[in-house]
Amino acid sequence: MAATAVIIAIAVAVSAGGSAPKPTAPAGSSPPPPSGGLPSEPGSVPTPPVTGDGDDNNNDGNNSNNGGPSSPHATGGMQFTPIPDPNLPQLSDPALKVDKVVQGLSMPTSMAFVGDRNLLILQKEDGKVLLVSNGVLQPEPLATFDVEPASERGLLGVATHESDVFVYATEKSESSGEVRNRVYRFTWADGALTNKTRILDLPGEPGPNHDGGKMITGPDGALYVVIGDLNRNGVLQNYHNGPAPDDTSVILKVDREGRPLANVLAQGSLPAYYAYGVRNSFGLALDPLTGALWDTENGPEDYDEINLVHPGFNSGWERVMGPMSRGSATAADLVQLEGSHYADPLFSWADAQGVTDLAFSRLPGKYDGNLFAGDINNGNLYFFRVNEARDGLVLEGEGLADGVADDEGELAQVTLGTGFGGISDIEAGPDGNMYVLSYWGALYRVSLAAAQ
């Protein structure tokens, strides 16, 4: 399966005006971008010495950030050497450990494994697709996009399936100068990206935030792509008299050529739309046991969400964020396209944290098949246990029965790790470990303490 992500241009992503509270970089890391936006000229990227030939066309795994349960631990071919760091993130479970395994990145947004020994990492502002091969960051990018990097625009998402690599980038149209969000397909062969083909051409204005960019592929190769509202107010944002559907606030389901696969809304007249009413999202994951799609969604100042996204899901924006019962809107306020349905989030953060990615864990024991999630504002790593029916979360902590973390005490009960410096992506690796990408320029591995 494959995937993606992010996003995350993130650091600006979650407030109504497009600027989130500025995350705090961990000690010893690169300083955060200046307030008021991300820097337009990231510094040069240091590269460690290269070991190994960097070539691996082993694509026998459908690698995805949604992971898969009961996978053998530490059996993949990727061999990272931990980088000494006196200021590593902290985990609350002593059975787990965290290592820094890559550093020197510049505003990384998304990553995806290709086979067992290769990892692709995107950089938001300079448009570089980087390769980590056999645990070593390679000195030259595999590809470079001429991106439009303002606010949450840039090089935002990556997903893989077998030899296909999909990349989501914000660009200016060559002919009109209009800003567009585009998805390209490459072929991975002999350690290179070839056969670049544009498969989706999506809007990018007015923006400049809420561009989405998260992507993930299913075991059948279907590609799911999320794009936010781009600050539009139309039918897809639940305005009854607003402009017609325009490819914003949606999760698309398409094939490798970009052809629609959803066919669930408006008697098939919106064939690519799998879900709508999405303000903005930096997280998609497919349950490895049921195949169901989950997402995260960012509220303006309150109510970040985790949702179970069945076909035809209307997430409720711009009328609802968080549980409907906590606001003034009713179902009648929503634009319910034929074939659609609304459902409350499975979990909400009452105060928006800038929640980004989520991924199903492949770590053994209590973590196997359950959810990790991260945020950009604090660099927190969250953990949630999925219920037996796999249609909800087990929330047993004090005050969490309503599915909302209302204060710091309730937030702490779902927090597994801190100090990641702004999380932009989370991926289950082919070795069974969890990988956490920090927007401040590092990749961390979370593993069993006794296994390394």
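**Entry 1: valine 183 and strand S11**

I looked up valine 183 and found it in strand S11; helices (H or I, at least four residues) and strands (E, at least two) are DSSP runs, numbered from the N terminus. The model is predicted, so I noted that local features need pLDDT of at least 70, that side-chain atom pairs count only at pLDDT 80 or more, and that totals for chains, interfaces and linings use all residues. Residues are numbered from 1 along each chain as its sequence is written, and side-chain values use heavy atoms, with hydrogens and water left out.

Valine 183 counts as buried because its relative accessibility is 0%; buried means under 20% relative accessible area, exposed over 50%, and partly exposed in between (1.4 Å probe, protein chains only). I then checked the C-alpha atoms of valine 183 and phenylalanine 166, which are separated by 6.6 Å and are 17 residues apart along the chain.

Next I asked what S11 pairs with. Strand S11 (residues 179–189) runs antiparallel to strand S12 (residues 192–203), with nine bridges; two strands pair if DSSP finds at least two bridges between them. I took asparagine 181 as an example, and its bridge partner in S12 is leucine 202. The two strands make a hairpin with two residues between them, and aspartate 190 in the turn has a positive phi of about 55°.

**Entry 2: salt bridges around arginine 182**

I looked at arginine 182, which is buried at a relative accessible area of 2%. Its side chain meets that of glutamate 171 in a salt bridge of 3.2 Å, N to O. Glutamate 171 lies in strand S10 (residues 164–172) and arginine 182 in S11, so this pair ties together parts that are 11 residues apart in sequence. A salt bridge here is a side-chain nitrogen of Lys or Arg within 4 Å of a carboxyl oxygen of Asp or Glu. Glutamate 171 is buried too, at 7%.

Arginine 182 also forms a salt bridge with glutamate 174, at 3.5 Å from N to O. Glutamate 174 is exposed, with a relative accessible area of 63%. Through shared partners, salt bridges join Glu171, Glu174, Glu178, Arg180, Arg182, Arg198 and Asp201 into one network.

I searched the whole structure and got 24 salt bridges. One of them joins lysine 366 to aspartate 93, with the closest N and O atoms 3.8 Å apart. Lysine 366 is in the loop between strand S23 (355–360) and strand S24 (371–375), and aspartate 93 is in the loop between strand S2 (90–91) and strand S3 (96–102), so the pair ties together parts that are 273 residues apart in sequence. Lysine 366 is exposed at 53%, whereas aspartate 93 counts as buried at 13%.

**Entry 3: strand S18**

Why do I call S18 largely enclosed by the rest of the structure? Because five of the five residues of strand S18 (residues 293–297) are buried. Leu293, Asp295 and Glu297 point one way, Trp294 and Thr296 the other way, and all are buried. In a regular strand the side chains alternate between the two faces of the sheet.

On one side I found strand S17 (residues 283–286), which pairs with S18 in the antiparallel sense over four bridges. Leucine 284 has aspartate 295 in S18 as its bridge partner. This hairpin has six residues between its strands, and glycine 291 in the turn has a positive phi of about 80°.

S18 also pairs with strand S19 (residues 302–309), again antiparallel, over five bridges. Glutamate 297 stands opposite glutamate 305 in S19. Four residues lie between the two strands of this hairpin.

I checked for cis peptide bonds. One joins glutamate 205 and proline 206, with omega about 5°; proline 206 sits in the loop between S12 and strand S13 (215–217). Another runs from tryptophan 317 to glutamate 318, with omega near 25°. Glutamate 318 is in the loop between strand S20 (313–314) and strand S21 (341–342).

I also noted positive phi values. Asparagine 238 has a phi of about 65° although it is not a glycine. This residue lies in the loop between strand S14 (223–227) and strand S15 (250–254), and asparagine 238 counts as buried at 0% relative accessibility. Glutamate 162 has phi near 50° and is partly exposed at 45%.
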